[in-house]
Amino acid sequence: MNVPRLVIAAPSSGSGKTTVATGLMAAFAERGLAVSPHKVGPDYIDPGYHTLATGRPGRNLDAYLCGPGLVAPLFAHGARGCDLAVVEGVMGLYDGAAGLGELGSTAQVAKELRAPVVLVVDASSQSRSVAALVHGFASWDPQVRIGGVILNKVGSERHEALLREALDESGVPVLGVLRRAAQVAVPSRHLGLVPVAERRDDAVDAVAAMREQVAAGCDLDAVMALARSAPAVPGAAWDAAEAVGGAGDGPAARRPRIAVAAGAAFTFSYAEHTELLAATGAEVVPFDPLRDEALPEGTRGLVIGGGFPEVYASELSANAALRGAVAALVASGAPVAAECAGLLYLARSLDGLPMCGVLDAEGRMSERLTLGYREAVAVSDSVLAAPGTRVRGHEFHRTVLEPGAGPQPAWGLHRPERRVEGFVHQGVHASYLHTHGASAPGMVRRFVERCKG
């Protein structure tokens with residue numbers, strides 16, 4: 001597969017990667033190109049803005065969660081049939097999972113994809129030093145090709161001239177210069193940017209502002225030429241049906257209907273998960289716990305992913321009819337898979353407000369952010385995993401559940417600390433741990449088979 005592609009990276013977080021990556025996606029889409037959007041790492045929020053910019057699902061490329069060998073196949077799957085792919089990096093270019101070298105870094109993904117890198121530099125407090133900075137990043141790893149620089153937060157024409165003069169000596173071309181622009185700022189809160197689903201109109205305006213700023217400040221033809229310099233992507237594209245081994249035996253009529261929580265309170269999901277559910281023979285039906293008073297008719301299984309239930313606790317609690325329907329489904333023994341926000345929704349309460357009452361635990365907001373990759377092993381037999389099943393996951397929350405584990409815990413975590421976590425109760429598997437379906441297709445298949453009964 002040979003799709004033009006770029007990785008948008010930076011020396012550190014806060015340099016402007018999201019603005020540049022999203023702006024480039026939108027600018028090229030406005031030119032009529034089919035643009036495939038990607039994000040390095042586990043983050044769920046930025047891909048929502050990428051989807052707005054391109055009209056295509058934003059997809060994650062995470063070498064820690066899925067393994068380096070799946071980076072190129074998952075990329076090829078998402079970029080199939082596209083004219084251009086833009087990959088937004090994470091943190092600084094060479095920052096990876098703590099203590100594991102380059103694993104999970106933007107640099108590793110760029111190497112797996114054989115993709116040129118555009119370095120976004122916050123130039124607000126430097127002039128000639130920018131050349132030393134770029135030289136250092138360009139020479140650190142010879143396998144990472146820095147194909148150009150976009151200078152962000154440039155103060156004036158004089159400032160721009162100084163920066164360009166310095167970079168002439170580095171041999172790395174300047175592909176764009178962006179002035180400071182408040183209108184492209186996206187509001188943040190305790191877990192990062194506010195998701196698109198919560199501010200649809202404002203998000204559309206923000207993406208349009210990013211597009212206009214990037215289109216005005218960047219040489220789009222030069223950016224496209226750099227993207228076209230990438231060689232063929234190694235290996236074959238990932239395929240959901242191959243990953244799960246097909247829909248299994250039995251008549252086509254045995255397609256279980258699996259309800260998947262969506263809407264503003266449950267925005268954290270990876271596109272490949274629903275693709276795997278469907279490939280295993282499920283009928284996937286989204287529903288909104290903020291608005292729908294009943295589960296989809298004929299629901300045989302339930303998936304409740306991550307999001308921001310703490311922001312919508314009063315609305316979720318007020319929907320007593322749906323809370324009752326979820327509790328009744330659990331009581332029937334139906335399979336339920338819940339991650340993070342879903343875990344809190346199934347608890348007795350969240351910040352003192354009644355939730356579904358399925359799990360004997362109470363959730364509350366906390367001052368402490370829990371964030372990081374985890375290695376885990378299943379310690380209880382469940383609808384997702386047999387005991388001993390090993391997975392890699394990610395925690396990302398500013399809430400606390402008390403107790404943190406039930407009589408039958410979901411996972412035993414052994415990196416970075418040892419503890420048990422989550423709940424296995426009746427047909428429920430509930431945990432703070434986010435996992436990527438492409439890294440564990442066997443768990444998806446097991447869940448769907450249990451839904452078939």
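Predicted model: local features only at pLDDT ≥ 70, side-chain atom pairs only at ≥ 80, totals over all residues.
**Overall build.** The C-alpha trace spans about 70 × 45 × 40 Å along its principal axes. I find 58% of the 453 residues counted as buried.

**Charges.** I have 41 positive and 47 negative side chains, with the centres of the two sets 3 Å apart. Side chains of opposite charge can pair when their charged atoms come close. How many salt bridges does the structure hold? I get 23.

**Pairs I checked.** Asp360 and Arg348 meet in a salt bridge at 1.8 Å, N to O. Asp360 sits in strand β16 (residues 359-378) and Arg348 in strand β14 (residues 347-350), so this pair ties together parts 12 residues apart in sequence. Asp360 is exposed at 57% relative accessibility, and Arg348 is partly exposed at 35%.

Strand β16 turns up again with Glu375, whose side chain meets that of Arg392 in a salt bridge (3.4 Å, N to O). Arg392 is in strand β17 (residues 390-402), 17 residues from Glu375. Is Glu375 buried or exposed? The cut-off for buried is under 20%, and Glu375 has 18%, so I log Glu375 as buried. Arg392, at 29%, is partly exposed.

I also noted a salt-bridge network linking Glu30, Arg211 and Glu212.

Methods
Residues numbered from 1 in each chain as written. Heavy atoms only, no water. Buried < 20%, exposed > 50% of the residue type's maximum accessible area, 1.4 Å probe, protein only. Lys, Arg positive; Asp, Glu negative; His and termini not counted. Charge placed at Lys NZ, Arg CZ, Asp CG, Glu CD. Salt bridge = Lys/Arg side-chain N within 4 Å of Asp/Glu carboxyl O. Helix = DSSP H or I, 4+ residues; strand = E, 2+ residues; numbered from the N terminus.
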